[in-house]
Amino acid sequence: MALIDLANPTRFLSLSAKILPWLAAATALAFAYGFWLAAGAPDDYQQGATVKIMFIHVPSAWLAMFGWTVMTLAALGTLVWRHPLADVSAKAAAPIGAAFTLICLITGSLWGRPMWGTYWVWDARLTSVFVLFLMNLGVIALWRTIDDPTRAGRVAAILTLVGAINIPIIKFSVDWWNTLHQPASVVKMSGPAIHPSILMPLLVMAIAATLLFVTLHVAAMRNEILKRRVRSMQMMQAELAPGR
Amino acid sequence: MNLGPHAFFIVTAYAVTGIIIAILIGWIVAEHRALTRTLADFDARGITRRSTEPKSAAQKSAA
């Protein structure tokens, strides 16, 4: 089956119904393995057991940026290729991206208090992630403001593309500015600066969290398609109502 | 597993994450059930996307 075949929402519903249970099962298994590895991971020589917060904080930070990247690609799909499922994908990804960004902010604060002595500082990394959270809320609000999904999709796509500038800012904020937040220690040119005994659980938890994101995204896309069907049927019902 | 002097921060971080993910999953599942129910209700009343379309068009042309 060609990728273009998925442009048909009915075909997407049928295919996603088949793969969703497998995705959910893979997510559960990956999390079970990830938690088992995380529980057995040694304490960091400087941070002690608080390093365990990293196993949820770092994957949620990656997925916060991944969420907006998915929305950006979907925005291109809406504006350039007018793919029928593009704005469905963008709308479905926004609340999931917002949730992972919120997890990143809260777990980061809870990690910062014992390590930095403060829950929050307005440094470039923390502020740019907070801006990402606000942008997610802005896109969700925009979708709820405009009734017509096609029009809402175009307006949200433009906002998403403008907001994409924040993704490299988040990634490189720790290099461009002097921040309290530490620089990159996993994705860097010279390779990861983390011992394998801590890196391994982190990567497994990142895979598990990514699978969770994909599972929730597919499920939310299904809901959005059904919501549009309900909307069109309500409009048809109103059209058929006596007195029209 | 000994979480040391900062156990509160570690446990709270995992608990908050669990709560946010549970709310997200619960919201998506509840929304899916509500939508499926609504669509089934339309179906029971004989209103379907495909069957209604020609009827609607026919009514319009009759009018």
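Mentor: Two residues are in contact if their C-beta atoms, placed from the backbone, lie within 7 Å. This is a predicted model, in which local features need pLDDT of at least 70, side-chain atom pairs count only at pLDDT 80 or more, and totals for chains, interfaces and linings use all residues. Residues are numbered from 1 along each chain as its sequence is written, while chains are lettered from A and ligands numbered from 1 in the order in which they are written.

Trainee: Which residues does Met205(A) touch, not counting residues up to four places away in sequence?

Mentor: Met205(A) is named, with Ala90(A), as having the most contacts inside the largest nonpolar core, which has 64 residues. Leaving aside residues up to four places away in sequence, Met205(A) touches Gly34(A), Ala38(A), Phe55(A), Ile56(A) and Pro59(A).

Trainee: Which element gives the largest share of the side of chain B that touches chain A?

Mentor: In the contact between the chains, 25 residues of chain B meet 32 residues of chain A. Two helices (DSSP runs of H or I, at least four residues, numbered from the N terminus) each give two or more residues to that side of chain B, namely H1 (7-44) and H2 (49-62). The largest share, 16 residues, comes from H1(B).

Trainee: How are H3(A) and H1(B) oriented relative to each other?

Mentor: Their axes, lines fitted to C-alpha atoms over the stretch in contact, with angles running from 0 to 180 degrees between N-to-C directions, come within 9 Å and cross at roughly 170 degrees. Because angles over 145 degrees count as roughly antiparallel, H3(A) and H1(B) are roughly antiparallel.

Terms used:
A nonpolar core is a set of buried Ala, Val, Leu, Ile, Met, Phe, Trp, Tyr and Cys residues joined through C-beta atoms within 7 Å. A residue is buried if 20 or more other C-beta atoms lie within 10 Å of its own, exposed if 12 or fewer, and partly exposed in between; C-beta atoms are placed from the backbone. Angles under 35 degrees count as roughly parallel, over 145 as roughly antiparallel, 65 to 115 as roughly perpendicular and the rest as oblique.
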